[in-house]
Amino acid sequence: MAAWNTRHIPRQQGRIAVVTGANSGLGLVTATELARHGATVVLAVRDTTAGRRARDAIRDAVPGAAPEVRELDLASLASVRAFAKGLTAEFPAIDLLINNAGVLMLGPPRTTADGFELHMGTHMLGHFALTGLLLDSLGGGAEAPRVVNISSITHRNAHLDFDDLMSRTAHQAGRAYDRSKLAVTAFGLELDRRLRAAGSPVLSVLAHPGMSRSNLNPRAYQDRGRIERLTARTVLLLLQSPSGRGALPQLYAATASGVRGGQFFGPSGFKEVRGRGVQEAHLGAEAAAPGTGRRLWTAAEELTGVTYL
C-alpha cells in the first residue's frame, strides 16, 4: 500500500463517479484519474464556468473522456436537493460518491444559505444531505459502491460542542474548520456502522491528503496581515505535497481492491503530513467514538431535514 500510485487504479469502465468540488485541486486530480481509468465522471461544482474549464482540461488529458458538469452548491440545501433530483433521474445507479468539496479558514464568521457556519455547513451538513439523497442510487451500483469522505489530520485536535455546532461563541476560523473535519470523520464512520447494520452493499470510507497544495490555501489567509500571509506561504511551500500526491489516499479509498467500510487512509510519510504512497491513517478518539457519531447524525437529520438509514 505504501508504494501505491495512480498506475495501480483498477479499470473503472462502466462506473459512474460523482466528485464534489471537482473543478480544481484534489477534486480535479481525482476526477481526471477516474476518467483516465474509464469511469464516467460527474463534476459537481458550485461554479459551472470553472467546471467547464475543468471538463476541457480532463478531455485534453484523457482523449475520449466525457465528463459531465453539474451545478452543486453544498452551502445551499435547495441546491443539494435540486442536484440530487436531476442526477438520479439520469443515473439511477451510481458507483462512487467522493465528498471532496471544501472551504478553508475564511476569516470572519460566514454562513450558508441555510444559516449554518460555512465550514460545518459545507463539509458536513451539505455532504450529509447529498449522501442521503443519493443513497438509493448508490445502492444500485454494480460492484462495491463507495462513499468517500475527505477528512483532515486536524480533526484529531478538535472537539465538537453540540450546544454550539455552528461555532457562534468566540468564533475562530481555524477551529471551525477543524471541528467541521471532525464532524465529517465521525459522519463517515457512523455512516459505515449504519450501512453495515442495514446490510447495504455500499462502503463508507475516509481519506485525508495530509498537507497538500490546493487553491483553497491562499484563500485561507486572504484576510490576514502581510507578515502572517508571508509566513504561512513559506511554511506551506516547505511542507505541502503536490495535489497529485495529495489525492492518492482518496483515490485509493475509492478504487483499491480489498478496501473495507470504515477504513481511513492518508499519506504514507512521516506523521501523515505528506508522502509518496498511502497508508492507513490514525483516527482521533472523539471521531471514532460511536456516541459522537450517533449524536451528530441526529443533529444532522434535524438541521438538514434529510433522514436515512
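Predicted model: local features only at pLDDT ≥ 70, side-chain atom pairs only at ≥ 80, totals over all residues.
Biologist: How many aromatic pairs does the structure hold?
Modeller: Rings of Phe, Tyr and Trp (its six-membered ring) pair if their centres lie within 6.5 Å. Planes under 30 degrees apart count as stacked, over 60 as edge-to-face, and the rest as tilted. The structure's count of aromatic pairs is seven.

Biologist: How are Phe128 and Trp297 paired, and how many residues apart are they?
Modeller: Their ring centres are 5.0 Å apart and the planes make 80°, an edge-to-face pair. Helices (H or I, at least four residues) and strands (E, at least two) are DSSP runs, numbered from the N terminus. Phe128 sits in helix 4 (residues 118-139) and Trp297 in helix 11 (residues 290-304). The pair links distant parts of the chain, 169 residues apart.

Biologist: Is Phe128 buried or exposed?
Modeller: Buried means under 20% relative accessible area, exposed over 50%, and partly exposed in between (1.4 Å probe, protein chains only). Trp297, at 2%, is buried. Phe128 has 0% relative accessibility, so Phe128 counts as buried.

Biologist: Why is the pair of Phe128 and Tyr308 called tilted?
Modeller: Phe128 lies in helix 4 and Tyr308 in the segment after helix 11, so the pair ties together parts 180 residues apart in sequence. Tyr308 is buried, with a relative accessible area of 8%. The ring centres are 4.9 Å apart and the planes stand at 40°, so the pair is tilted.

Biologist: Which residues do ring pairs link into a cluster with Phe128?
Modeller: Phe128 pairs with Trp297 in the edge-to-face arrangement. Phe128 also pairs with Tyr308. The cluster linked by ring pairs is Phe128, Phe187, Trp297 and Tyr308.

Biologist: What is the distance between the end C-alpha atoms of helix 3?
Modeller: The expected span is 1.5 Å times one less than the number of residues. For the 14 residues of helix 3 (residues 77-90) that gives 20 Å. The end C-alpha atoms agree, at 20 Å.

Biologist: What is phi of Ser167?
Modeller: Ser167 is in the loop between strand 5 (146-150) and helix 5 (173-198). At 5% relative accessibility, Ser167 counts as buried. Its phi is positive in a residue other than glycine, near 55°.

Biologist: What is phi of Leu309?
Modeller: Leu309 lies in the segment after helix 11. Leu309 counts as partly exposed, at 42% relative accessibility. Its phi is also a positive value in a non-glycine residue, near 50°.

Biologist: What separates the C-alpha atoms of Pro10 and Tyr252?
Modeller: Pro10 lies in the segment before strand 1 (16-20). Pro10 is partly exposed, at 31% relative accessibility. Pro10 and Tyr252 are 242 residues apart along the chain, yet their C-alpha atoms are separated by 10.0 Å.

Key: Residues numbered from 1 in each chain as written. Heavy atoms only, no water.
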